[in-house]
Amino acid sequence: MKILVFSSLAYSLVNFRGALLCRMKDAGHDVVAVAPDHDPAVSAWLSERNIEFRIVSMNRTGMKPLEDIRTLLGYVSLILKERPGLILAYTQKPIIYGGIAARLTGNIPFYALMSGLGYLFSPDGSKPGLKRSIFLRLYREGVRRTKKIFVFNRDDHEDMIAAGIVDRDQTVIQVPGSGVDTTHFVQQPLPAGPTHFLMVGRLMRDKGVYEFLEAARKLKQEFPDARFSILGRAEVFNPTGISKDDIPRLQSEYPVTFLEETTDVRPYLAQSSVFVLPSYYREGLPRTILEALATGRAVITTDMPGCRDPIEAGVNGLIVPPQNADALASAMQSFLENPEQAQEMGDKSRAIAEAVYDVAKVNDILTGHMGLQHISNANTSSAAQLVAKQA
């Protein structure tokens with residue numbers, strides 16, 4: 001069977017879906033990965049694994065009708081050319097326009113992987129308005145004929161029903177996020193020296209960047225040896241984004257080191273004591289948390305959909321209210337006063353990553369529900385090893 005996989009960013013095909021693409025290819029399917037941008041490294045990675053790559057233009061942020069129509073027509077043209085037996089789409093625009101294109105070209109079996117509801121379901125974007133109304137209507141059209149919808153957390157299904165995106169009779173299945181390759185992200189010993197808090201995420205206000213900064217400033221006064229770092233990509237076009245030009249000012253105002261964006265977070269996780277994600281963005285299930293769990297790190301995150309799902313409060317991390325720098329500082333302080341917690345909770349994190357969030361187990365669920373051929377454990381391991389080689 002030929003399978004089209006629609007994405008909104010080429011890099012994500014390898015970083016988030018590489019193991020799944022390999023799994024489907026190992027099962028004997030012809031896999032065609034689709035993105036709006038050309039990334040030479042991604043193209044080479046896919047080519048090495050005999051996975052074809054196609055480009056369909058897309059404006060990733062905002063609503064620009066002419067560009068969105070161009071994306072829809074691009075998907076229609078590609079489907080008519082490739083004649084796939086199944087389409088899988090993830091992230092908002094590929095799901096919306098991929099779903100509509102699948103209907104226009106003969107109701108090709110279409111599956112939607114909703115990795116999160118995004119900005120318009122976060123506090124900054126959830127207010128009623130024309131933009132939100134149009135978005136919800138488009139989303140409903142995109143998923144109206146889906147075979148199955150996969151969600152990453154226990155809240156998204158009910159919220160999609162409440163928003164009118166899906167009906168109760170549509171098949172919605174919760175899966176444990178994107179999964180994490182526990183052979184690529186291995187447990188690392190805690191670093192020697194002062195406690196080091198690391199936040200990894202796109203530089204956006206609703207990822208909790210300012211709450212982390214304020215918590216660090218508060219704690220630095222009482223715990224001068226404590227370290228605080230943020231690793232993430234500056235965001236220019238996102239409504240809540242923090243640009244590169246903002247970083248020098250923030251570093252001068254707060255006791256936090258901003259680390260340059262990287263394609264391999266493992267060394268930074270290894271150098272951290274505790275992972276922090278104070279997001280109030282409408283996450284699916286943050287991959288960064290899963291990578292921290294696999295590395296054996298305690299996690300402090302917010303009581304928000306997706307963020308709270310992989311955390312057992314007091315067992316492998318702590319959960320705090322969103323948009324509350326004081327509560328975040330208190331949680332971080334508990335590790336400064338009781339540093340042995342980091343080891344105890346980190347060990348629990350690793351165990352949870354292996355038991356629940358291993359990428360091979362997640363892909364078992366996805367391929368099973370899509371009716372794709374089951375492959376052997378040997379091939380599953382082979383796919384995971386291929387993904388690990390990206391580093």
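Biologist: What is the relative accessible area of D167?
Modeller: Bear in mind this is a predicted model, where local features need pLDDT of at least 70, side-chain atom pairs count only at pLDDT 80 or more, and totals for chains, interfaces and linings use all residues. Residues are numbered from 1 along each chain as its sequence is written, and side-chain values use heavy atoms, with hydrogens and water left out. Buried means under 20% relative accessible area, exposed over 50%, and partly exposed in between (1.4 Å probe, protein chains only). D167 counts as partly exposed because its relative accessible area is 33%.

Biologist: Which residue forms a salt bridge with D167?
Modeller: For a salt bridge, a side-chain nitrogen of Lys or Arg has to sit within 4 Å of a carboxyl oxygen of Asp or Glu. Here the closest N and O atoms are 3.1 Å apart, and the partner of D167 is R140.

Biologist: How many residues apart are D167 and R140?
Modeller: D167 and R140 pair up with N and O at 3.1 Å. That pair links distant parts of the chain: D167 is in the loop between α7 (156-162) and β7 (172-174), R140 is in helix α6 (130-143), and the separation is 27 residues. Helices (H or I, at least four residues) and strands (E, at least two) are DSSP runs, numbered from the N terminus. So R140, partly exposed at 30% relative accessibility, and D167 are apart by 27 residues.

Biologist: Which residues make the nonpolar surface patch of about 270 Å²?
Modeller: Patch members have over 30% relative accessible area and no salt bridge; like charges are joined within 9 Å, nonpolar side chains (Val, Leu, Ile, Met, Phe, Trp, Tyr) within 5 Å. Areas are Shrake-Rupley with a 1.4 Å probe, and for residues only the protein chains shown count as cover. One member sits in the loop between β3 (52-55) and α4 (65-82), namely M63, partly exposed because its relative accessibility is 32%. The patch is made by M63, L130 and I134.
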